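Welcome! Here is a short tour of one protein model, taken one topic at a time.

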Amino acid sequence: MTNLGDKPAAAAIEIRPMEQADLPELLRLMHAIVAYERGSNFNLDEQELMRRGFGNRPEFGAFVADGGDRRLTGMAVHYEIPFMHSLQPLLMMKWLFVDPEYRGTGIGKLLFQRMAVHAKSIGHDKFCWFVLKDNANAQAFYRSVGATPDPEWDRWMISAPALTELTR
């Protein structure tokens, strides 16, 4: 295995679709990105990931970066919005995450490239994702691969207090 210090080089990493045996590691990576994004109420567990990712109608898929020891170094989680105004589904990348100790090795780019191949292979001419407004490193990475912010859309939400007020 080629190393960059103690980090495996991207060439030593296999990018592949998730497997059921990956669920503990996927859960670890998902928890890490939610914590990084300052999320709360992390409720996923292996049983729920199994049901939602490998059930009769899988709700998400993922590509994982595997260094050969079953310890995942990164993931790209995706799902489809089944119906849009164009009568075509929209491919969304929910999370692109590389363990901090493996950043700078090219794994993020490999995962992103695998998402692009997947998008084209299932008939999409684009895919979308969200980026935290203050995540300059992610924004720089996405720009480096040719991505741009959507000039027409900003994500909006209704907060819990406003939702409660609206339903009174």
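## A buried aspartate

In this predicted model, Asp 22 sits in the loop that links strand S3 (14-17) to H1. Is Asp 22 buried or exposed? With a relative accessible area of 1%, Asp 22 is buried, because the cut-off for that is under 20%.

The side chain of Asp 22 reaches the backbone nitrogen of Glu 19 at 2.8 Å. Leaving aside residues up to four places away in sequence, Asp 22 touches Arg 16, Pro 17, Val 64, Arg 70 and Leu 72.

## Two crossing helices

Follow the chain into helix H1 (residues 23-36) and look at helix H2 (residues 46-54): their axes come within 10 Å and cross at roughly 105 degrees. H1 is therefore roughly perpendicular to H2.

On the H1 side, Leu 23, Pro 24, Leu 27 and Met 30 make the contact, and they meet Glu 46, Leu 49, Met 50 and Phe 54 of H2. Sorted by class, this contact has seven nonpolar residues, one charged and no polar ones.

## Two nonpolar cores

Which residues have the most contacts inside the largest nonpolar core? They are Met 93, Leu 111, Phe 127 and Tyr 142, in a core of 19 residues. At least two residues each come from strand S4 (61-66), strand S6 (90-98), helix H3 (107-121) and helix H4 (136-144). H3 gives the most, with five residues.

Methods:
Residues are numbered from 1 along each chain as its sequence is written. This is a predicted model: local features need pLDDT of at least 70, side-chain atom pairs count only at pLDDT 80 or more; totals for chains, interfaces and linings use all residues. Side-chain values use heavy atoms; hydrogens and water are left out. Axes are lines fitted to C-alpha atoms, for helices over the stretch in contact, and angles run from 0 to 180 degrees between N-to-C directions. Helices (H or I, at least four residues) and strands (E, at least two) are DSSP runs, numbered from the N terminus. Angles under 35 degrees count as roughly parallel, over 145 as roughly antiparallel, 65 to 115 as roughly perpendicular and the rest as oblique. Contact means heavy atoms within 4.5 Å. Ala, Val, Leu, Ile, Met, Phe, Trp, Tyr, Cys and Pro count as nonpolar, Asp, Glu, Lys and Arg as charged, and the others, Gly among them, as polar. A nonpolar core is a set of buried Ala, Val, Leu, Ile, Met, Phe, Trp, Tyr and Cys residues joined through side-chain atoms within 4.5 Å. Buried means under 20% relative accessible area, exposed over 50%, partly exposed in between (1.4 Å probe, protein chains only). A polar contact is a pair of N or O atoms within 3.5 Å; within protein, one must be able to donate a hydrogen and the other to accept it, and residues adjacent in sequence count only if both atoms are side-chain atoms.
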